[in-house]
Amino acid sequence: MSDEKTKTKKKEEPRPKSIDPAALEVLERADAAGISTVFSRVDEMKQCPIGAAGSCCAYCAMGPCRLVGKGAEEKTGICGATHGTIGARTWLRACATGTAAHADHGRDIVNTLKAVSEGKANSYTIRDPEKLMRVAGNMNIDTEGKDILQIAGEVADLAMDNFTGRAGGMTYMSRAPKKRQELWEKLNLVPRGIDREIVESMHRTHVGVDQDADHLLDQALRVSLADGWGGAMLATDLSDVLFGTPKPLTAEANLGVLKRDEVNIIVHGHEPTLSDMIVTASRDPEIVEYAKSKGAKGVNLAGICCTANEILMRHGISPAGNFLHQELAVITGAVEAMVVDVQCVLQALQPLSEKFHTKLITTSPKAKIPGAEHVQFDEEHALDIARDIVRMAIDNYENRGEIQIPEHKGNMVAGFSHEYIEYMLGGRYRASFRPLNDNIINGRIKGAVAIVGCNNPRVTQDEGIIKLVTELIKRDILVVVTGCAAHASGKHGILQPEMLEEAGPGLREVGEAVGIPPVLHLGSCVDNSRILTILSHVVEEGGLGDDISDLPAAAICPEYYCDKALAIGTYAVGSGAYVVFGVRSPIEDSEEMKQLTTEGWEKKVGGQLVFEPDYEKILEMVMNRIEQKRDALGINVEKERVLLDMAARREL
Ligand code: NFS
């Protein structure tokens, strides 16, 4: 490089790792001690620009093929695959993987419900029999004269048939608005069975099978719909049946929930089955006594990722953080055991935990990490296994070294199920979404946006999530959050009714009258299915069009990192939503793919998936979309703003 060039080359400002002060504090400790984390490794590992932009195909041993260089757009792989084919194949396979993850989670819940119905999993009960009856009703199961366990068994059997395809289609597709169901029928997008769609997606993406990008993307929609309206929705509903339907509760969030003088156990991953038992075990007086006998004041349970959301929503267990917090929790030195099940668990936790006293315990029959201790979970001995794990953590308390727990934590209200939102809006005896529809129609609430998904160390942790949530509520947008976006919101204190003061005047009025905060925590990522249910109810309630695609609503996944997120985004589009992902576009190099997933999907299913790394632009795009939808509905007429008087509030 010439001297001239060296002189003029601008020094890039280092990107802040996080906007979370707790994360920054622990990272300082890590850096000082030379400890590697996902935050440091991301700087050491440059992204492959070819793969990142969707120009690499590694699906067979003739390649990997790279469609780069002069005339790249016209280039093909050795087999002849174009940019569009490669992009669509990669997209479809990601959706199949994401769907498989959510569906397999759902299948385990179904198996647990079945075992309970047969009296084989005695640690569990049907905590919400009312919900079981509602689910049975939704599934058209005749409950007359049957006892609760028999009904549970029949629900589990029919749920299982959704996986195999024996149910003759997917039971829950009928929950969608009529018009949407007809569109799916017309386009042949109705999933025939969860497993079948995953298998067919894998088959179609094998080299030499489906090579038409548009046709491949139809399968991406179909398999992802089997996630949203199948695997994920079953996981949510049946978890509510087994573990309780969430109701609002308060908790704290961030690394500051770890306790200096108690045995800290972190449950991390996604499934509620074992973690729910660990909650019970950690509260067992005998176990607490055991902890005291080892010099601790008690047992403190906290969560990371979506397992955390499951036990937060149902038990008020405070989460210690989102995806990028898993290593940071270990680096505090205060975690006696990190108990992991499936998904989003970094392999790097193992060598890291060896540097501290933390015991890394894998529990799923599906997931082992070399070097970690494996205590295999099975639902028939669930509570005993949970007790053993808690005792292992207690025994490890005496091995603690120096600890450094950041003080930061946010207060929050979580636990909003769709049932509770309906009840809150309409009251116990006339639970209804009517007040929400009315306030969207009269313009007090402009629309609704879901902010969902992950952290990704390629972008500043939590920045996009927090910026978008706070800016949207200022603009009178009701926001719902799930997954790691919900964790971020909790850590930064924006899941509190006090946030109404930061909201636009219309949203604030409604929030105060109805008693809801402006940002609602709906749970884990499988609970994105609650959003589908809410949107369907809102359409059904009337006055806002007759399909999800008519609603002034959108979804944003600002910091996505994994296949599950793409499956969620794709089923949201297939359901009629406008979806924006941050970070970067995995199809940047393919004009055909960009066209198909935006204008193409808009024409076909009334939604689109756009990638945009700039948060300001995302905000503008989403607000424009909401205004366009309001215009199309004819509800954007300028009205004189009337402040609510007492009578109007009572009516609300
Ligand atoms: Ni969702 Fe939940 Fe978090 Fe992303 Fe991972 S934990 S399932 S995938 S990182 S939001």
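Reader: Where is Arg475 found?

Author: Arg475 sits in the loop between helix H19 (463–474) and strand S12 (477–482), where helices (H or I, at least four residues) and strands (E, at least two) are DSSP runs numbered from the N terminus. This is a predicted model, in which local features need pLDDT of at least 70 and side-chain atom pairs count only at pLDDT 80 or more, while totals for chains, interfaces and linings use all residues. Residues are numbered from 1 along each chain as its sequence is written, and side-chain values use heavy atoms, with hydrogens and water left out.

Reader: Why does Arg475 count as partly exposed?

Author: Because its relative accessibility is 32%, Arg475 counts as partly exposed; on this scale buried means under 20% relative accessible area, exposed over 50%, and partly exposed in between, with a 1.4 Å probe and protein chains only.

Reader: And what is Arg475 in contact with, leaving aside neighbours within four places in sequence?

Author: Arg475 is then in contact with Lys446, Leu619 and Met623, contact meaning heavy atoms within 4.5 Å.

Reader: Let's zoom out. Which domains is the protein divided into?

Author: The division gives domain 1 (3–74), domain 2 (86–243), domain 3 (255–399) and domain 4 (430–633), with bounds that come from an automatic or database domain assignment. The contact between domain 2 and domain 4 takes 37 residues from domain 2 and 34 residues from domain 4, and the C-alpha centres of these two domains lie 23 Å apart.

Reader: Where does Met233 come in, and is it buried or exposed?

Author: Met233 is part of helix H10 (residues 213–243), and it counts as buried because its relative accessibility is 1%. Leaving aside neighbours within four places in sequence, Met233 is in contact with Tyr172, Arg175, Asp227, Gly228, Ser529, Leu532 and Thr533. Asp589, by comparison, is 356 residues from Met233 in sequence and 34 Å from it in space, C-alpha to C-alpha.

Reader: What lines the second largest cavity?

Author: That cavity, with a volume of about 90 Å³, has a lining that includes Cys57, Tyr59, Cys60, Ile86, Arg89 and Val207. Domain 1 (3–74) and domain 2 (86–243) each supply at least three residues of this lining. By class, the lining has ten nonpolar, one polar and one charged residues, where Ala, Val, Leu, Ile, Met, Phe, Trp, Tyr, Cys and Pro count as nonpolar, Asp, Glu, Lys and Arg as charged, and the others, Gly among them, as polar.

Reader: And the largest pocket, which helix gives the most to its lining?

Author: H5 gives the most to the lining of the largest pocket, with five residues. The pocket holds about 670 Å³ of space and is lined by 27 residues, of which Tyr560, Tyr561, Asp563, Arg584 and Pro586 lie nearest its centre. The classes in this lining are 18 nonpolar, six polar and three charged.

Reader: Last one, backbone geometry. Where is there a cis peptide bond?

Author: A cis peptide bond joins Gly63 and Pro64, with omega about 5°, and Pro64 is placed in the loop between strand S1 (56–57) and strand S2 (65–66).

Reader: What about phi of Cys344?

Author: Phi of Cys344 is near 65°, a positive value in a residue other than glycine. Cys344 lies in the loop between strand S7 (337–340) and helix H15 (349–355), and it counts as buried because its relative accessibility is 14%. Asn188 also has a positive phi, of about 60°, but Asn188 counts as exposed because its relative accessibility is 53%.

Notes:
On a 1 Å grid over the protein atoms alone, a cavity is a set of points where a 1.4 Å probe fits but cannot get out, and a pocket is an open set with protein on both sides within 12 Å along at least five of seven lines; lining residues have an atom within 4 Å of a point. Grid points are joined across faces, edges and corners, and a volume is the space filled by probe spheres set on the points.
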